Each structure stands twice: as structure tokens, then as C-alpha cells.
Amino acid sequence: MPEDLGAQVRSELFKRKMSQKELAAMVGISNAYLSDIIRGRKDGPKAQEHIKHIRKILSI
């Protein structure tokens with residue numbers, strides 16, 4: 001992934017004082033699944049859709 005998605009997400013969550021669990025709820029996925037996406041363990045077509053949604057929510 002271009003520039004570590006995990007680092008970008010963690011940075012934005014920190015800036016917004018937001019938890020990963022809150023982001024998962026906003027995206028409509030489980031915290032565990034979000035964690036897998038952020039760590040690059042999930043990268044199929046469905047995960048790519050979630051990544052787009054995550055980037056939109058966090059403006060990254």
C-alpha cells in the first residue's frame with residue numbers, strides 16, 4: 001500500500017482523539033476486521049472498498 005495505511009490511520013485517530021473501535025463502527029465493520037485491514041492482512045476487493053470508506057472518513 002502506498003505509504004503505510006496503518007500509520008496514517010493511527011495518526012489521524014490520535015489527532016481526532018478517536019478510538020479504532022469508533023472508526024470500525026462508523027465503517028460498519030468489526031474492530032478485529034478493521035485491525036486486519038490496517039495491518040495489511042486483508043486486501044481483497046471488499047477490503048479495498050472499506051479502505052476507500054476509511055480514507056474518506058479520516059480525509060487521508
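Mentor: Start with Val9: setting aside neighbours within four places in sequence, Val9 is in contact with Leu23, Ile38, Ile54, Leu58 and Ile60. Contact means heavy atoms within 4.5 Å.

A word on the source. This is a predicted model, where local features need pLDDT of at least 70 and side-chain atom pairs count only at pLDDT 80 or more, while totals for chains, interfaces and linings use all residues. Residues are numbered from 1 along each chain as its sequence is written, and side-chain values use heavy atoms, with hydrogens and water left out.

The largest nonpolar core has 16 residues. Such a core is a set of buried Ala, Val, Leu, Ile, Met, Phe, Trp, Tyr and Cys residues joined through side-chain atoms within 4.5 Å. Buried means under 20% relative accessible area, exposed over 50%, and partly exposed in between (1.4 Å probe, protein chains only). Val9, Leu23, Leu34, Ile37, Ile54 and Leu58 touch the most other members. Two or more residues each come from helix H1 (5-15), helix H2 (20-27), helix H3 (31-38) and helix H4 (45-58). H4 gives the most, with five residues. Helices (H or I, at least four residues) are DSSP runs, numbered from the N terminus. In soluble globular proteins, nonpolar side chains tend to be buried together.

Now look outside the helices. Lys17 sits in the loop between H1 and H2. Its phi is near 50 degrees, a positive value in a residue other than glycine. Lys17 is exposed, at 75% relative accessible area. Ser59 lies in the segment after H4. Ser59 is not a glycine either, yet has a positive phi of about 55 degrees. Ser59 is exposed, at 61% relative accessibility.
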